[in-house]
Amino acid sequence: MKDLEFSKGAIGIGESIVRHVKFGASEIGLDLSEVGFEQPIEGRIEFFRLTEDLFFKGELWTSVRMVCRRCIDPFVSDLKTTFSLRFSPTVHSAENDDLTNRSIDGEVVDLTEDAQQSIVLEVPCWPLCQHDCQGLCSSCGTNLNDQNCFCQTDLTEASPLGGLQNMLQSANSQEK
Ligand SMILES: [Zn+2]
Ligand SMILES: [Zn+2]
C-alpha cells in the first residue's frame with residue numbers, strides 16, 4: 001500500500017522523515033468479522049536511518065465498533081497502536097530490544113503487513129462496553145446496565161417487606 005511504502009534511498013544516513021498517513025482498513029487487507037471500522041486509520045510514521053539500517057516508529061489510531069461480550073450491545077471504542085521496526089542489510093539475530101529486526105529486501109520497504117498485524121493485536125479478544133458491564137440477566141435477558149430486573153429478588157419478595165424493597169430498588173434505578 002503506497003502510504004506505507006518507503007524507499008530506501010529517500011533519506012541519507014542520519015536523516016529522518018515523518019509521514020502522516022490515512023487509509024481505509026480494507027486498503028491494508030483488514031477484514032475482521034467482529035470489528036467494524038468507524039473511520040479511516042490515521043497515523044504518523046517516522047522513518048530514520050543510521051548507518052545502513054532503516055528504522056521505523058509508527059503510531060496508528062482509529063475507532064472501531066465491536067459487540068460487548070457480556071451485554072451484546074454494540075459500542076464504539078478508540079483503538080491505538082504503535083510499532084517499531086528495524087531493517088538491516090544483515091539481520092541482527094542477537095538483538096533483544098523491542099524492535100522487530102528484518103532484512104532489507106529490495107529498494108522499497110513496505111509496512112502494510114506490519115500495520116495490519118499491529119492493529120489486529122490491539123483488538124481485544126474479549127471486548128466489553130465498559131469494564132464493569134453488568135451483562136444480561138440470565139433469566140429474563142434484561143440488559144442490567146440499563147435497568148434492574150426482579151429475577152434475583154424472588155426470595156425477598158416472599159417476605160412482607162420484599163415488595164417494598166423492590167419498589168425502592170426500581171425507584172433508585174430510575175433516578176440514575
Ligand atoms: Zn456490555
Ligand atoms: Zn431478569
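Which residues does Ile 41 touch, not counting residues up to four places away in sequence? Keep that in mind as you read the points below.

1. **What you are looking at.** This is a predicted model, in which local features need pLDDT of at least 70, side-chain atom pairs count only at pLDDT 80 or more, and totals for chains, interfaces and linings use all residues. Residues are numbered from 1 along each chain as its sequence is written, while chains are lettered from A and ligands numbered from 1 in the order in which they are written.

2. The protein chain has an average pLDDT (the predictor's confidence in each residue, from 0 to 100) of 86, and 81% of the residues score at least 70. Where pLDDT is low, the predicted coordinates should not be read in detail.

3. **The overall layout.** The protein chain holds 3 helices and 8 strands; here helices (H or I, at least four residues) and strands (E, at least two) are DSSP runs, numbered from the N terminus. Reading from the N terminus, the order is β-β-β-β-β-β-β-β-α-α-α. Of its 176 residues, 15% count as buried. A residue is buried if 20 or more other C-beta atoms lie within 10 Å of its own, exposed if 12 or fewer, and partly exposed in between, with C-beta atoms placed from the backbone.

4. **Back to Ile 41.** Ile 41 touches Phe 23, Ala 25, Leu 60, Thr 62 and Ile 119. Two residues are in contact if their C-beta atoms, placed from the backbone, lie within 7 Å. Ile 41 is also among the residues with the most contacts inside the largest nonpolar core, which has 16 residues; the others named are Phe 56, Val 109, Leu 111 and Ala 115. Such a core is a set of buried Ala, Val, Leu, Ile, Met, Phe, Trp, Tyr and Cys residues joined through C-beta atoms within 7 Å. Strand E4 (41-50), strand E5 (53-67) and helix H1 (112-122) each supply at least two residues of this core.

5. **The helix side.** The buried residues of H1 are Asp 114, Ala 115, Gln 116 and Ile 119. Their cover includes E4, E5 and E6.

6. **Follow strand E5.** Strands pair if DSSP finds at least two bridges between them. E5 runs antiparallel to E4, with 9 bridges joining them, and Gly 43 stands opposite Leu 60. E5 also pairs in the antiparallel sense with strand E6 (residues 74-88), over 14 bridges; there, Phe 56 has Leu 85 as its bridge partner. Strand E3 (residues 36-37) is another antiparallel partner of E5, over 2 bridges, and Gly 36 stands opposite Arg 65.

7. **Two turns worth a look.** Most residues other than glycine have a negative phi, and most peptide bonds are trans. Thr 51 has a positive phi near 50°, in the E4 and E5 hairpin with 2 residues between the strands. Thr 51 counts as exposed because it has 9 C-beta neighbours inside 10 Å. Ile 72 also has a positive phi, of about 50°, in the turn of the E5 and E6 hairpin, where 6 residues lie between the strands. Ile 72 is exposed because 12 other C-beta atoms lie within 10 Å.

8. **A loop glycine.** Gly 141 is found in the loop between H1 and H2. The C-alpha atoms of Gly 141 and Cys 71 are separated by 9.1 Å, although these residues are 70 residues apart along the chain. Gly 141 is exposed because 11 other C-beta atoms lie within 10 Å.
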